Amino acid sequence: MIFLFAWTSVAIAQEVGETNILKWPQGKKAAVSLTYDDGTYNQFHVALPIMEDLGMKGTFYINTGEIPSSKYPAKFLGRDPQLILEEAKTIPTNRENLFERASLIRFLEMPGAVSFHDRAGAAFEQGRLETAFGLIDEGLNQANKLGTKELSAPQIIDGPMIDWNEIKKYAERGHEFGVHTISHPRLAVLDEANLLYELEASRDEIEEALGKEFLFSAECPFGTEDERVMEYALELFPATRNRMPEPFLEEINRSGTFDYGKNYQKEYIQWQRGPLSKTSPELMRSWVDDILKRDDSWLVLVFHGIEGIGWEAIPESTIKEYFEYIAAKENIWVGTFAEVTKYMRQRMHTEISSELDADEIRIRVNSDLDKFWYDSNLSINTVVPDNWKKVVLSYGNTKQVMNVHKVGTNNIVQYDIPAGISEFTLNKQ
């Protein structure tokens, strides 16, 4: 972020006219995002109403293939499965055939098919290749013994699912929706065709149902950070919750530890926490308290099951008390994953120049970011002369009268500028 200042008189103190984009909107101290994986029923029928009662918006990463009216079902792309099964009788799984076999195995109509895939994928990501090979061999051997010939889409989510008509209503009310693939595979062990289908067809489904604006962020299942998967995903989406490769951001994902007293030498910190069914309310509250001990931290909460439906379901009473606790913290900004990401990037990629002339400060704003995606208002403050008591902010047809506040030795006005405004003025009233 670059600040340029132009002065018309060397007699004016340099602080006057200085203009800064605030780290968080309205000068908040920290940010929180409430994110959900899988799109299970009670996320919408229990957690979402609680959020809305408190004026909060959430981010929902949905498995589109589980939605009843979706057009793009889970499917295996590749060679004849019977040829693959026949080869497995004599050729062990190895580096050359792992991805093809791991892509197929979860579709085989036999007990434990998805488990073989998931466990092999986890072993692969942990670097335990021989274990991954052995699990695929065990699963394909079982399929051959059973004489498995049929394929079926893996059933990932138990219980009812909401449909696109209901999702559209929530999207219109400001909630974010994003890709979580079609059927929740371990993307790290899919071959290219199946990996891309899971990401691209889920993307296409969301775009057709909700619009391109809902393709900003995605979450690849199991929180994967596999390099190959991230390369594909970050080509398809401006942001992923899995990884945010920004030079200004320190990422602490769910397995990491946040030290509120540490100098991370970055402008921002993203700290992910995944509350589970037995996570204590005291621990969950402590995460909120810790980020408020700094002014640069973004807590990304990752929820799955809610009130008996979904993985590691959290009781309604716990969710309600926790969200009320967050809402009571006036210095916290609760924004969707997309909103927080956009604000940070816009702040870090915006140049501001200001010029003071008599009773007017002219300010220019310039950003190289794609205007389609980056549409957030920016919160700004400017130092004004000591004899200014009220200030008129002007841009386009808008005029807004603002009070001046004393901050230390400086007179400050704080205000928001909509995205797309490249020039505005501050005048003494």
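I started with the side chains of Thr64 and Ser202, which are joined by a polar contact of 3.2 Å (a pair of N or O atoms within 3.5 Å; within protein, one able to donate a hydrogen and the other to accept it, with residues adjacent in sequence counting only if both atoms are side-chain atoms). I'm working from a predicted model, where local features need pLDDT of at least 70, side-chain atom pairs count only at pLDDT 80 or more, and totals for chains, interfaces and linings use all residues. Residues are numbered from 1 along each chain as its sequence is written, and side-chain values use heavy atoms, with hydrogens and water left out.

Next I looked up where Thr64 sits: in the loop between strand 4 (58–62) and helix 2 (81–88). Helices (H or I, at least four residues) and strands (E, at least two) are DSSP runs, numbered from the N terminus. Thr64 has 0% relative accessibility, so it counts as buried (under 20% relative accessible area, 1.4 Å probe, protein chains only).

I then checked what Thr64 touches, leaving out residues up to four places away in sequence: Ser70, Trp164, Thr181, Ile182, Ser202, Glu205 and Ile206. Contact here means heavy atoms within 4.5 Å. Thr64 and Ile206 are 142 residues apart in sequence, yet 7.7 Å apart in space, C-alpha to C-alpha.

Four strands make an open, antiparallel one in the order 2-14-18-17; two strands pair if DSSP finds at least two bridges between them. Strand 2 (19–21) and strand 17 (405–407) are at the edges with a single partner strand each, so one side of each has no neighbour in the sheet. Strand 14 (residues 378–384) pairs with strand 18 (residues 410–417) over seven bridges, and I noted Ile417 in strand 18 as the bridge partner of Leu378.

Note on methods: Buried means under 20% relative accessible area, exposed over 50%, partly exposed in between (1.4 Å probe, protein chains only).
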